[in-house]
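I opened this model to look up its pocket and its helix packing. My entries follow in the order I made them.

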Amino acid sequence: AKAFKWRWFARAPADYLEYVDRRPGDGAVGHKLALSLLETGQATKAVEHAWLAYDDKPTNDEYVETLARSMHESGKHEELGKFLRDEIERRGRIDDYLRLARYSSLMGDGDGAELAYLTAARLDGGRTLDLQLQIARFYLSIGDKLSAYERFRMALFLDPDNDIAFREIRELGYIPGPSLAIPPKEL
């Protein structure tokens, strides 16, 4: 545990493996082992321990994220997609859709990412500034400047003084101001 705490990741996996051998089924230790393995470039080994941590506490968002990251970094994209869709089926929370959107984007599935982001926005009802900014950044990442501009305008509706939206609107070549703000489509 000291090795993990002090970020000595090269030593941490051995320490945690010894602990896991003594007390199998401890989700917290399995989770830290998985994180240590990820930090040392052993994503394939991390998947197994991340699953054990997840099985111990499937509602723990840190465990869900570590399992998703392990699958992604080990190239198990099909398995990751199924896992994330199962999480949505099981819980269907905004965070579950955002996780699917983020990993879909990382795996090059722009259409899937957009659908997940827009579903999260519908569930949110257009009330959360950060979500509007995430969607705008996603659109920027795929080169859809017009949709990004529109989402930054929606962000201004939620926070008329938002520095991020102002800066991004300027970078897109527009002059930000109070008249640009529009209500989010989902509001």
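**Largest pocket.** I looked up the volume first: the largest pocket has about 150 Å³. The model is predicted, with local features needing pLDDT of at least 70 and side-chain atom pairs pLDDT 80 or more, while totals for chains, interfaces and linings use all residues. Residues are numbered from 1 along each chain as its sequence is written, and side-chain values use heavy atoms, without hydrogens or water.

I noted how a pocket is defined: on a 1 Å grid over the protein atoms alone, it is an open set of points where a 1.4 Å probe fits, with protein on both sides within 12 Å along at least five of seven lines. Lining residues have an atom within 4 Å of a point. The volume is the space filled by probe spheres set on the points, which are joined across faces, edges and corners.

I then listed the lining of the largest pocket: Gly81, Arg85, Ile88, Tyr97, Leu100, Ser104, Met107, Asp109, Gly112, Leu115, Ala116 and Thr119. The elements giving two or more residues to this lining are α6 (77–90), α7 (94–106) and α8. Helices here are DSSP runs (H or I, at least four residues) and strands are E runs of at least two, numbered from the N terminus. Which helix gives the most to the lining? I found α8, with four residues. By class, the lining has six nonpolar, four polar and two charged residues. Nonpolar covers Ala, Val, Leu, Ile, Met, Phe, Trp, Tyr, Cys and Pro; charged covers Asp, Glu, Lys and Arg; the others, Gly among them, are polar.

**Overall.** I counted eleven helices and zero strands. The C-alpha trace spans about 65 × 35 × 25 Å along its principal axes.

**α8 and α9.** I went on to the partner of α8. Helix α8 (residues 110–124) packs on helix α9 (residues 129–141) at about 165°, with the axes 10 Å apart. Axes are lines fitted to C-alpha atoms, for helices over the stretch in contact, and angles run from 0 to 180 degrees between N-to-C directions. So α8 and α9 are roughly antiparallel, the term for angles over 145 degrees. On the α8 side I noted Gly110, Ala113, Glu114, Tyr117, Leu118, Ala120, Ala121 and Asp124. They meet Leu131, Gln134, Ile135, Phe138 and Tyr139 in α9. Contact means heavy atoms within 4.5 Å. The contact of α8 with α9 has nine nonpolar, two polar and two charged residues.

**α10 and α11.** The axes of α10 (residues 145–158) and α11 (residues 163–171) come within 9 Å and cross at roughly 150°. That makes α10 roughly antiparallel to α11. I listed Tyr149, Phe152, Arg153, Ala155 and Leu156 of α10 against Ala165, Phe166, Glu168 and Ile169 of α11. This contact has seven nonpolar, no polar and two charged residues.

**α3 and α4.** I finished with α3 (residues 27–39) and α4 (residues 43–56). Their axes come within 8 Å and cross at roughly 160°. These two are therefore roughly antiparallel as well. Residues in contact include His31 and Leu37 of α3, and Lys45 and His49 of α4. I counted eight nonpolar, four polar and two charged residues in the contact of α3 with α4.

Methods. Parallel < 35°, antiparallel > 145°, perpendicular 65-115°, else oblique.
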